[in-house]
Amino acid sequence: MIEQRETRPGARPETRPGARPADWPWCGTDTRLADRPDTRPDGRSEGGTGSRTRCDDCGTPSRAAGATRVARGHRRTARTARTARATRTAALLALALLLASGAATGCGGRATTHHKPGTSHEQASGSVGTMLATTDAAGHKLREVPAEGAPEVRLALRPDSEDGWNLQLSVKNFRFTPDSTGGAALPGAGHAHLELDGRKIARLYGPWFHLPAAQVPEGAHTLTVRLYADDHTAWAVSGKAVEGTAQLTAPAPGTPGGHSHGEAPSQPPRSPQSPAPGQEQAHRTVTITVRDGKVSPAPTRTELRRGERVALRVTSDRADTLHVHGYDKELTLPAGQEATLILTADRTGLFEVETHESSLVLTQLLVR
């Protein structure tokens, strides 16, 4: 049985809590704000302690029990919802900015100078041209490009006035990029390899190269220069590597045409401790021996002041090529013979000296 509460004249009958009329849209909190008049659905206004009021947050009528506490709960809930929406919006904005920056830097950037550890040169290469299954004489894969606009190279040489020969590379649709060697292949860019009778003797980063007479045995020889991309794949057209050749005949030492300038006066044998000719001008001399794949003494740092000259004396038990990174200086290392490279340390930094074929670090030049 529903007990009717006493009502004022003209007021709508009201039931106990839990038994409100079905047509009265009470707030689910069943609360009321402190004695604030409200308007009934029939348009009449009523107030006082028994009046119905509306919830500040949801807008529906509420009853008297716990009005202040529940109203505060509504406000806390609303603030929490607004904070969550703001946090979600900020996170989405940050994600959009991150994706936009990644897209901006992910393409068109400069090629790296070294590929990732564990990957081959070919795996780190770009998408220029078509990779062929065939290789050149040195075992490098061919990267074929259309004949129109393809790199071209010609090789010319002439005797040097003092020793050996000066080689000139005339290239077309190609530029030397020593600072990005080891990166992805870029159109018309890279370096060159110089071969003597099919044996690599130097890597070239420019159009000129001096070939010492001591590196060329007596007799007729074929010099070959071949163009490579930064990832060490060989540029190719119609299945053939892009290269140029020239013939060279080396006379016997001391014969006419052998670039000797009269008989040299006899000199006493040079002791192992005495410097080689021309090394008197070097401020530091570093002597290194490579035998059975080991470097002696163990690789360490050689400290230099900017402007000093250093002489690198290297003896290897196998034919190889010495390379000074950062300076892009190379020296052919004949098997079992001492070779010397004199370098002016005119750039500051830390530079590695290593061998190309055996990939051994010989020393590090620390120039301050």
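Which residues does L169 touch, not counting residues up to four places away in sequence?

1. This is a predicted model, in which local features need pLDDT of at least 70 and side-chain atom pairs count only at pLDDT 80 or more, while totals for chains, interfaces and linings use all residues. Residues are numbered from 1 along each chain as its sequence is written, and side-chain values use heavy atoms, with hydrogens and water left out.

2. On the opening question, and leaving aside residues up to four places away in sequence, L169 touches V153, R154, L155, F176, A192, L204, G206, P207 and V225, where contact means heavy atoms within 4.5 Å. L169 is also, with L167, L194, L204, L211 and L223, one of the residues that touch the most other members of the largest nonpolar core, which has 28 residues. A nonpolar core is here a set of buried Ala, Val, Leu, Ile, Met, Phe, Trp, Tyr and Cys residues joined through side-chain atoms within 4.5 Å; buried means under 20% relative accessible area, exposed over 50%, and partly exposed in between (1.4 Å probe, protein chains only).

3. Two or more residues of this core come from each of β7 (152-159), β8 (165-172), β10 (189-196), β11 (199-204), β12 (208-211), β13 (219-228) and β16 (243-250), the strands (E, at least two residues) being DSSP runs numbered from the N terminus. Another core, of 23 residues, lies apart from it and has I288, V310, L333 and L360 among its members.

4. The structure holds two aromatic pairs. The ring centres of F174 and F176 are 5.4 Å apart and the planes stand at 90°, so this pair is edge-to-face; the criterion is that rings of Phe, Tyr and Trp (its six-membered ring) pair if their centres lie within 6.5 Å, with planes under 30 degrees apart counted as stacked, over 60 as edge-to-face and the rest as tilted. F174 counts as buried at 11% relative accessibility, and F176 likewise counts as buried at 18%.

5. Y327 and F351 also form an edge-to-face pair, at 4.8 Å centre to centre and 65° between the planes. This pair links distant parts of the chain, 24 residues apart, with Y327 in the loop between β21 (320-324) and β22 (329-333) and F351 in strand β24 (residues 349-355). Both Y327 and F351 are buried. The charged end of R347 sits over the ring of Y327, 5.8 Å from its centre, by the criterion that NZ of Lys or CZ of Arg is within 6 Å of the ring centre and within 35 degrees of the ring normal.

6. An open sheet of mixed pairing is formed by four strands in the order β18-β17-β20-β23, two strands being paired if DSSP finds at least two bridges between them. Because β18 (294-296) and β23 (338-344) stand at the edges with a single partner strand each, one side of each is left without a neighbour in the sheet. Strand β20 (residues 309-316) pairs with β23 in the antiparallel sense over seven bridges, and V310 has L343 in β23 as its bridge partner.

7. Some backbone values deserve a look, since most residues other than glycine have a negative phi, and most peptide bonds are trans. The peptide bond from S296 to P297 is cis, with omega near -5°, and P297 is placed in the loop between β18 and β19 (301-304). H232, in the loop between β13 and β14 (234-237), has a positive phi near 75° and is buried, with a relative accessible area of 7%. D292, in the loop between β17 (284-291) and β18, has a positive phi near 55° and counts as exposed at 65% relative accessibility.
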